[in-house]
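Dear colleague,

I am handing over a structure for your files. Please look through the sequence and the model before reading the notes.

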Amino acid sequence: MTDPAGSAGKGARGRTRMPERPPEVRRRDFDEVPQGLSEEQARLEASRCLVCKKPQCVTGCPVGIDIPGFVELIAEGKFEEAADRILLASALPAVCGRVCPQETQCEVKCVLGKKGEPLAVGDLERFAADWKRAHGTCPLPPPAEPSGCKVAIVGSGPAGLTCAGELVALGHGVTILEAFHKTGGVLVYGIPEFRLPKAIVQDEVDRLASRGVRIVTNTVVGKLDTVDDLLGEYDAVFLGVGAGAPMFLGVPGEDLLGVYSANEYLTRTNLMRAYDRQRADTPIARSRRVAVVGGGNVAMDSARTALRLGAEQVSIVYRRSRAELPARAAEVHHAEQEGIAFHLLANPTRILGNDEGWVTGIECIRQELGEPDESGRRRPIAIPGSEFVLDVDTVIVAIGNRPNPIVPKSTPGLETTRRGLIMADPKTGRTTKERAWAGGDIVTGAATVISAMGAGQAAARDIDRYLRSPKPRAWPPVGAARAE
Amino acid sequence: MNEIVSKRRIGPDVLRMDVRHPKLARKARPGQFVILRVSEDGERFPLTIADADTDAGTVTLIFAVVGKSTMLLAAKEEGETILDLVGPLGVPTEIERYGRVLCVGGGIGVAPLYPIVKALKEAGNDVVAILGARSKDLLILEREFRAVTAEVVVATDDGTYGRKGFVTDVIADLVARGERFDKAWAIGPVPMMRAVSKATRDAGIPLVVSLNPIMVDGTGMCGGCRVIVGGQVKFACVDGPEFDGHQVDFDALARRLGVYRDKERTDHEVCRIGLGRR
């Protein structure tokens with residue numbers, strides 16, 4: 001039922017607030033923080049949508065979801081249809097509804113945001129996806145006629161899963177090869193349970209399997225099979241291997257016991273479930289006071305995880321100011337609510353330890369911001385004599401990842417940038433190696449789940465075009481493809 | 001796949017398992033390892049590949065029961081499967097015709113040394129192998145080594161077999177006799193590798209060691225297995241596990257190996273006395 005007051009009324013009515021568990025309760029367990037909209041709340045919020053003739057929100061979505069379409073269906077109470085509308089464009093709606101930075105993508109373009117608050121697109125996406133998961137009965141439309149072609153997808157993170165979903169719907173035989181013992185990539189090892197329940201990721205993967213996607217775990221491409229081996233067996237290969245090789249600070253004391261990369265800390269906690277100290281064999285430090293170095297989502301996730309693992313005091317150390325923090329504003333907010341301290345404009349100089357080799361503190365030096373550097377962000381400059389020490393027993397380094405070298409090193413003809421990222425056409429995902437496509441963090445460097453999904457989607461469509469085109473098939477150089 | 005085709009006890013706390021994984025058997029090279037998981041709540045842990053049989057499609061794992069995970073693995077019987085097995089990981093040993101090479105194995109380190117010795121011999125090297133153990137009943141694979149090379153010297157700490165003493169005593173004997181070696185390998189407990197590093201450095205023999213840090217993923221994405229070699233941080237799982245034995249910071253490695261000792265001790269004890277069985 002839409003708002004009888006009309007569009008002027010819609011804009012004036014405030015955005016429905018997502019209910020969240022209170023910080024004092026949620027900071028000690030791994031359950032989700034936002035609790036989801038109720039049916040009534042969802043319909044109310046959905047009815048605020050102006051259903052613009054030329055929707056700007058869609059242009060902000062990396063996978064092109066029909067946002068006004070699904071929102072209108074929610075307003076009409078047709079919840080499963082809304083979810084199915086999203087599924088036409090996005091393979092992982094329950095995931096995106098939770099981790100997408102809608103505030104910088106679709107919501108930022110919402111016309112309602114000009115005078116009031118933008119439509120809560122993310123909350124509505126999550127609502128529809130969760131509703132279908134809990135109550136839905138409609139299967140997806142059947143895949144197209146079998147093409148007889150086989151595609152290998154390396155990596156079961158967001159790029160690979162999306163590519164697989166698109167290709168199987170288009171009628172191709174798809175096999176996903178995953179290095180870990182569990183699928184999901186960063187969705188499972190990186191993003192904590194309290195932001196993205198693993199049961200949800202498993203359901204999305206199961207849906208792909210039920211569509212006929214073959215999934216093989218415990219397979220490291222570049223070690224057990226090379227990409228050339230795969231190209232001998234499959235018609236096309238998509239590389240979605242992620243940017244997984246942690247960067248360290250390079251400061252003295254980094255070899256002390258109690259220093260972790262965020263990747264290790266999160267992999268132990270999330271993938272290996274070390275938070276369940278009673279059940280899981282995988283150990284993790286019993287930290288009392290923790291410093292997390294970095295300012296992105298991974299740093300926030302690490303800090304909030306450390307709290308939930310029982311730390312009394314957790315701090316973020318970030319070298320620029322609040323305005324430059326790369327993390328989602330909502331996650332920074334959640335971290336602050338949970339009592340995490342922020343030491344902004346500070347950078348570590350060294351990590352201190354005792355005679356037994358354990359961390360006892362981290363020395364930092366205050367920063368001020370100078371002229372912008374190559375990244376466009378203002379350059380932090382150390383203020384001499386401003387050192388201070390944080391008393392901690394654990395340091396988590398969350399300053400980013402480099403591309404994992406296993407695939408590039410074992411694949412002749414696959415050109416990489418100086419930094420080791422795979423060179424791929426931004427529109428099609430084609431690499432310099434014939435019949436090999438790539439997308440996600442291994443091409444762009446660490447970015448978002450949704451941009452990896454967009455890359456997987458674009459590559460799938462190009463792979464489909466390529467496989468259906470008559471032989472002999474051209475393989476333009478990566479630069480030339482850009483000009484098309 | 002991952003089926004335990006054969007299981008044999010080859011020492012008081014040492015087992016040998018042949019596991020079916022035809023592709024892994026074909027691809028494995030000396031010096032490489034696998035990461036396994038034995039139960040759903042279990043940890044990921046590495047074991048070196050001691051041998052591979054491409055006809056039977058099996059890889060051989062030889063391991064000592066030192067904690068909960070190896071205890072759970074040891075409890076598996078022929079016909080059962082290992083939950084997760086991934087490999088081959090790590091950079092393979094650089095096998096060339098070096099000339100006369102010295103291969104030193106201590107305790108369970110003798111197992112990963114075996115495929116390296118075989119490959120070096122096949123490449124045309126003269127191979128002298130030193131096998132060390134605390135006592136006679138803890139010595140493993142002597143027969144297998146003697147089938148590969150005639151020059152095998154055994155040393156036991158307590159003198160119950162072979163020469164009484166450490167592997168470094170044997171190295172000293174050889175050097176004193178005027179023996180020259182073009183290259184050496186050492187695999188074993190950290191104190192042993194550290195001692196061999198010193199002995200070979202003093203004797204001017206280039207040394208390769210195979211390191212055994214704690215690992216989680218095994219593919220270079222977590223940095224948990226980081227070691228310091230020549231002052232630089234390297235990941236044992238993707239840069240190693242073999243490194244220049246004269247550049248390795250053994251003290252740092254020893255420290256990092258002890259980081260979870262409390263939990264390891266408790267878990268092992270609980271497992272041993274049968275509590276917490278699932």
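The notes below describe the overall fold and then some aromatic pairs.

This is a predicted model, in which local features need pLDDT of at least 70, side-chain atom pairs count only at pLDDT 80 or more, and totals for chains, interfaces and linings use all residues. Residues are numbered from 1 along each chain as its sequence is written, chains are lettered from A and ligands numbered from 1 in the order in which they are written, and side-chain values use heavy atoms, without hydrogens and water.

Chain A contains 19 helices and 13 strands (DSSP runs, H or I of at least four residues for helices and E of at least two for strands, numbered from the N terminus). Its C-alpha trace spans about 65 × 65 × 50 Å along the principal axes. Of the 484 residues of chain A, 56% are buried, that is, under 20% relative accessible area with a 1.4 Å probe, protein chains only.

Over all chains there are 12 aromatic pairs; rings of Phe, Tyr and Trp (its six-membered ring) pair if their centres lie within 6.5 Å, and planes under 30 degrees apart count as stacked, over 60 as edge-to-face and the rest as tilted. One of them is the tilted pair of Phe30(A) and Phe194(A), with 6.0 Å centre to centre and 55° between the planes. Both Phe30(A) and Phe194(A) are buried. Ring pairs also join Phe30(A), Phe194(A) and Tyr275(A) in a cluster.

Yours sincerely

How values were computed
Buried means under 20% relative accessible area, exposed over 50%, partly exposed in between (1.4 Å probe, protein chains only).
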